[in-house]
Amino acid sequence: MFNSLTLTIESIGSVVVRRIESAGRLGTFLAQIVSRLWGHKFPLGETIKQLHFVGARTVPLILISGLFTGMVIALQFYDTLIRFGSVELLGAAVAMSLIRELGPVMAALMVIARVGSATCAEIGIMRNEQQFDALDCMAIDSYHYIMLPRLIAALIAVPLLTALFDVFGIGGGYIVGVLIHGVSEGAYLTGMADTIVWNDVLMGLIKSTLFGGVILWISLAKGFYLHIEQKNAGAEGVSQATTNAVVLSAVLMLFVDYIVSSLMI
Amino acid sequence: MKRMNLNFIVGLFIIAGMAAVAYLSVTIAGVSGYSKDNYQLVAKFSNSSGLKKGAFIEIAGVKVGKVTNIVLDKEAFESVATFTFDDDVALSEDTIASIRTAGILGDKFVKISPGATDEMLSSGDEIIETESSISIEELVSKYMFNSDDKS
Amino acid sequence: MIYQQTTYLHYQCLQLNGEVDLHNSPQVRKQLLAILKKGDSVLVDFSTLSYIDSSGIATLVEAFNIAKNKQLTLTIVAASGGPLQVLELTNLDKVFPMVANLTDVKE
Amino acid sequence: MTTTSPIITVKNLNSHYGERQILKNVNFCVQQGEIRVIMGGSGSGKSTLLNHLLALLVPTSGSINIDDVDVVNADAKTLSNLRQKMGVAFQGGALFSSMTVGENIKLPLKHHTQLDENTIDIMARLKLELMNLAGFEDLMPAELSGGMLKRAGLARAVIMDPKLLFFDEPSAGLDPVTSVELDELILKLRDAMNMTIVVVTHELESAFKIADKITVLFDGEIALTGTVDEIKNSDDIRIQNLINRRSRNEKINAEQYIKRLTTGQG
């Protein structure tokens, strides 16, 4: 009885210790990457490659999901606003919710699904195949050569993807509100313009930049520390690490979302 | 060739993204590099409850400016609002500024009723005649009180 | 200096000294390409060369190819020891014209 | 071999993985120009030893000196300089899957030298020729077989003409012919480039063929370091078992055996 109690306490303790260690690793990992901004030649070629992967190739997904998100919220708001007789607020409502909240969050979720998971798996496989050992042995700094370009690419690409998401979402809202339900075009567009201020757009941009950073940070770290954090270093380890990365970056993203919202509203 | 192709696609993406950001901030949020010339007037209200920074200023239902600042005059305990008008809107000294509500539950805005004198207000001047917010609660309680009185 | 340049018959003779490696092979390359640009054939004298790495070999390959396209020659003189083994390892001893002594060079 | 000071000196090396001790007081030297084979079965600690030599792991105690650099305590700059003089061929090649074979091989040169693009291209092709990989330059690693990957990894390892080459399991997973070719290549590299080569393997045949000296590891301890003949004539029963490919038929302690089977401890 006493024995099992000590065992339980011990195992709880070790879980706590592991969590704290893991958080510490994430922190030092980020600090290492950021420190490579100074005193090194900026890895432009790799960053462009990553902008292509993170940004350009995510655009179709962003456009489609943006369009449908805009259509759905326009439909929902239309149904709500019509009961209060204020459908002229539709444009404002759609744009406001997209620009401030839904755009950044939905675009980030798309980036997690497409880029975060793939990146974590790729980095994990690189770890498994000793590619990081090889980089070390060639005296090539992995933080500088592998991590930094990906993080920078995300910081640039995710806000742009979010803006595209917003614009297509507004377009989707226009289709549902104006073309299908006959809200006047003027009301939809000027309603938007009258309500949205620069602060709203800025909030969206700040959020999406941070989300981009968080997603790549977590995904890179979970892949990079695969050999430390996973019991099974093989294919199972990669899949487990990817799952962890997706879940953690999604949760952390929403946390950051709340913090930024509460600071800026 | 392959490299150029990659740069081209990335360039295209950046341009499209920037265009989207520009659309959101310029067309929708109304931020513009060149600001339309404007001038400021101040107005004091005994109560500006519900009026917010950024609220519209209308003349005859047309938007002519925005409320850019609201502070408390700490001596007179009055609300001092700063109005920013487009330059082509000229107002005379006996202009009346009143805080109104759009619809029953809508936003507060400022309604300007132009005066008739030849003396024009210039930047920094004060609109003397103002009408403060009327809250529904006050209206309702006034009505209730009056009806109580009668009975 | 990593090389000395002399004139031998109608050749420009580039004598390599000591060790040719990643750091000084660009100098050798520059000089070799300059000679070939002027339209002279080259002798590369290995007699005082103790070590040549693959960047040096790659430089010779590039120069040899340019020489061939201009109907000039690039001849290796007095290769022995390590440098010769490197040429053998890469099978270039069968590609470059090689002579044992400067005196063996034909006019 | 030369009698100058050794290029690698390992003294009293101890290493732990968690609680478990992997290396126990390992001592050995490798001379310049030598081909040293580190041999041992799986779990003998040979891979751990290699990782220590490559400064990828930090030992519990002991010192490693490579080319007059204290590897354990070296700062980043010194280590980076040393590593540019070392080449490492990993077991599976460890090529980057997002780059072509050619780009992979040129990577160290692009990073560490200011050589002309033409020179770099020719150097890479020279090494590919050497590894019998001519014409595979523009393929992606995923399109190569295991043996090709290994050779491409070797090409990358020697692209900078290192003084010192480490080779992890050269013949593992290769057909006998390719394996023999690789052994010959290792000998040629040493002779032509005067490289010091450290090979980690469990293959006896190739070890006997290429080694100047062999260091045999058992359970994290050095059983013997010696020439091929010394190893062959060793009367250490474990080494004889390894040579004759006999299984480890240690004497069974019946009581402990039953305990292990039933409780998983002991």
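Domain 1 and domain 2 of chain D bury about 1200 Å² between them in this predicted model, where buried area is the accessible area (1.4 Å probe) that two parts lose on being put together, summed over both. Of this area, 72% lies on carbon and sulfur atoms. Gln84(D), Pro162(D) and Leu185(D) supply 39% of the area that domain 1 of chain D buries against domain 2 of chain D, more than any other three residues. The model is predicted, so local features need pLDDT of at least 70 and side-chain atom pairs count only at pLDDT 80 or more, while totals for chains, interfaces and linings use all residues. Residues are numbered from 1 along each chain as its sequence is written, chains are lettered from A and ligands numbered from 1 in the order in which they are written, and side-chain values use heavy atoms, with hydrogens and water left out.

Domain 1 of chain D covers 6-85 + 162-263 and domain 2 covers 96-161; these bounds come from an automatic or database domain assignment. The centres of the two domains, taken over C-alpha atoms, are separated by 26 Å. In the contact (heavy atoms within 4.5 Å), 17 residues of domain 1 of chain D meet 14 residues of domain 2 of chain D. Zero salt bridges are found across this interface, a salt bridge being a side-chain nitrogen of Lys or Arg within 4 Å of a carboxyl oxygen of Asp or Glu. On the side of domain 1 of chain D that touches domain 2 of chain D, strand 7 (164-168) and helix 6 (176-193) of chain D each supply at least two residues. Helices (H or I, at least four residues) and strands (E, at least two) are DSSP runs, numbered from the N terminus. Helix 6 of chain D provides the largest share of that side, six residues.

Between chain A and chain B, about 1900 Å² is buried, 85% of it on carbon and sulfur atoms. The count of salt bridges between chain A and chain B is zero. Helix 2 (44-55), helix 6, helix 7 (185-195) and helix 8 (198-224) of chain A each give two or more residues to the side of chain A that touches chain B. Helix 6 of chain A gives the most, nine residues.

His144(A) is found in helix 6 (residues 142-180) of chain A. The residue is buried (under 20% relative accessible area, 1.4 Å probe, protein chains only; exposed is over 50%, partly exposed in between), with a relative accessible area of 10%. Not counting residues up to four places away in sequence, His144(A) touches Arg36(A), His40(A), Lys41(A), Pro43(A) and Pro149(A).
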